[in-house]
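Colleague: Could you take me through this one? I would like to hear what stands behind each label.

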There are 2 protein chains.
Amino acid sequence: MPALPDYSPVDTLNHPDIAEYFSFGISVDCVVFGYDGKDVKVLLIERGTDPYRGYQAIPGDLVHPREDAFTATQRVLRDLTGLKDVYLEQLQTFASVNRHPLGRVATIAYYSLLKIGDYNPRPSSWATAAQWTPIQDLGDMAFDHKEIFNAALERLQTKVRQKPIGFELLPEEFTLADLQHLYETLLNTEFDKANFRKKILAMDLLIALDKTQKAVRHRPARLYRFDPARYEALSKRGFHFEL
Amino acid sequence: MPALPDYSPVDTLNHPDIAEYFSFGISVDCVVFGYDGKDVKVLLIERGTDPYRGYQAIPGDLVHPREDAFTATQRVLRDLTGLKDVYLEQLQTFASVNRHPLGRVATIAYYSLLKIGDYNPRPSSWATAAQWTPIQDLGDMAFDHKEIFNAALERLQTKVRQKPIGFELLPEEFTLADLQHLYETLLNTEFDKANFRKKILAMDLLIALDKTQKAVRHRPARLYRFDPARYEALSKRGFHFEL
DNA sequence: TCAATAAGTGTATATCGTACATTAACATTC
DNA sequence: GAATGTTAATGTACGATATACACTTATTGA
């Protein structure tokens, strides 16, 4: 049994029930966002057992005793999607006493953005139950997962306006209309096409490719690619992404 | 021993060492910010015992088995400062395997803003070791607390430009120069006085009082008060604080 | 009464956001 | 192959906002 950390009032009390303080389980849960060109979607698990049998749940797992939380989340993501190196950021920790009916489990919530085309279900123990759900079609969810999802969506909505992370949801090559539509569905707003395009291009973050759309029955749009190195360079000079 | 949550791959493996998953300690640590009219300061504890004896540490404590994390943080804050109802927000959770030498402890970090004049050291077990330190004078800190502090300061710097939380650090009644100086020290910038004042007043968030400074040997400044209700009302109509 | 000091106001210019009109390039249809 | 439908892409005028900076006002203390 580990000793009590001694920087707290507790240690000065010579507390006799120290073991009780080391009885927590810690899990990670990861809200995985994707975009198929039309809807913003979340990757959810359908539960096969009680409690909350049949409910949708955010994928997650208990953190192993010798495992970092971030590492645990990457493990979950790889088991689930086959992907590593996807955008991953800690969201918030949910630690209410009664949030989990089977024990005291605090969960560190993360959210992840990935290119939905890269996703391939894996033959892991749960991948068969994984499904993409449009975020406007969500019903009840297991545990406090609806609350976690809401926090994740809110965070995404503010972050996507301040950092160029929207590109994580798009294919490598995209049109400005693709980008605009992503932002519009994500933020529930509409942008003026001309102004949106001017604003984005003025940031100088996109590389214009010598390619256009094919087989569309209207003027084909030019394809662009996001330039992360350029963003890094500009950031150091005080540039601030904003939409 | 609690049962294993059954929404993870682990349960399907019928893992024999379930108890090992429920061996975590969870602590809360709270970065407390204050402002004395000149410097932005943090309330720190000087450690009296090993490890890290003599180092500065962020106040915190282990979460009790039947206690919410947020509640635990409020308890710590009250023991430390005598205050309740101060601004308190979850920052981020730090859960590296080796962050604590005496056991596996994940810490949920919070940060808090309070009016430094309201603070009164408490006869609790640690209040005697508490001291306000200007944030530019910080030396080494115990554990990973420097990393936690840096994350808290960064968060504060971005948040203070997007939400009207700076007022939490000022006395109830303040001058526009006070407000400007707070923002300037917090963000390491300078604002044009006339423009700063125009921008703030245009937001219509301040109540101009019929009071002025006393005993200054120049033209006395008018005192203002922040109006939270007004902010709420404007927010609902789409108003967005920005500095 | 004057000097020093910081509060508080006014204004001209540049920059940016917004609305909306116009032209361009492709596929399909007649 | 000309006309039509559709979306891409550009241009412009106007209003709002940001910025820089000069000016006036109110107090204390000499």
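Modeller: Gladly. A residue is near a molecule or strand if its C-beta atom, placed from the backbone, lies within 6 Å of it. This is a predicted model, in which local features need pLDDT of at least 70 and side-chain atom pairs count only at pLDDT 80 or more, while totals for chains, interfaces and linings use all residues. Residues are numbered from 1 along each chain as its sequence is written, and chains are lettered from A and ligands numbered from 1 in the order in which they are written.

Colleague: Which residues come nearest to DNA strand D?

Modeller: There are 18 residues around DNA strand D, and A:Ala177, A:Ala194, A:His218, B:Ala194 and B:Arg219 come nearest. Helices (H or I, at least four residues) and strands (E, at least two) are DSSP runs, numbered from the N terminus. On that basis, α5 (176-187) and α6 (193-203) of chain A and α6 (193-203) of chain B give two or more residues to this surface. The largest share, three residues, comes from α6(B).

Colleague: And which residues are closest to DNA strand C?

Modeller: DNA strand C is surrounded by 18 residues, the closest being A:Ala194, A:Arg219, B:Ala177, B:Ala194 and B:His218. Here α6 of chain A and α5 and α6 of chain B each supply at least two residues.

Colleague: What makes a residue of the surface near DNA strand D nonpolar, polar or charged?

Modeller: Ala, Val, Leu, Ile, Met, Phe, Trp, Tyr, Cys and Pro count as nonpolar, Asp, Glu, Lys and Arg as charged, and the others, Gly among them, as polar. The surface near DNA strand D then divides into six nonpolar, four polar and eight charged residues. For DNA strand C the classes are six nonpolar, four polar and eight charged.

Colleague: Why is α5(B) called roughly perpendicular to α6(B)?

Modeller: Helix α5 (residues 176-187) of chain B packs on α6(B) at about 105°, with the axes 11 Å apart. Axes are lines fitted to C-alpha atoms, for helices over the stretch in contact, and angles run from 0 to 180 degrees between N-to-C directions. Angles under 35 degrees count as roughly parallel, over 145 as roughly antiparallel, 65 to 115 as roughly perpendicular and the rest as oblique. The pair is therefore roughly perpendicular.

Colleague: Which residues meet there, in α5(B) and α6(B)?

Modeller: B:Leu176, B:Leu179 and B:Gln180 meet B:Lys193, B:Phe196, B:Arg197 and B:Ile200; contact requires C-beta atoms, placed from the backbone, within 7 Å.

Colleague: How do you know that the span of α5(A) agrees with what it should be?

Modeller: The expected span of a helix is 1.5 Å times one less than its number of residues. For the 12 residues of α5(A) this should be 16 Å, and the end C-alpha atoms are 16 Å apart, so the two agree. After α5(A) comes A:Asn188, with a positive phi near 55°.

Colleague: Why does A:Ala215 count as exposed?

Modeller: A residue is buried if 20 or more other C-beta atoms lie within 10 Å of its own, exposed if 12 or fewer, and partly exposed in between, with C-beta atoms placed from the backbone. A:Ala215 has 5 C-beta neighbours inside 10 Å, so it counts as exposed. Its place is in the loop between β8 (206-212) and β9 (222-226) of chain A, and its phi is positive, about 60°, although it is not a glycine. B:Ala215 is exposed too, with 5 other C-beta atoms within 10 Å.

Colleague: Where is A:Pro51?

Modeller: A:Pro51 sits in the loop between β2 (40-46) and β3 (56-57) of chain A, and the peptide bond to it from A:Asp50 is cis, with omega near -10°.

Technical notes:
Contact = placed C-beta atoms within 7 Å.
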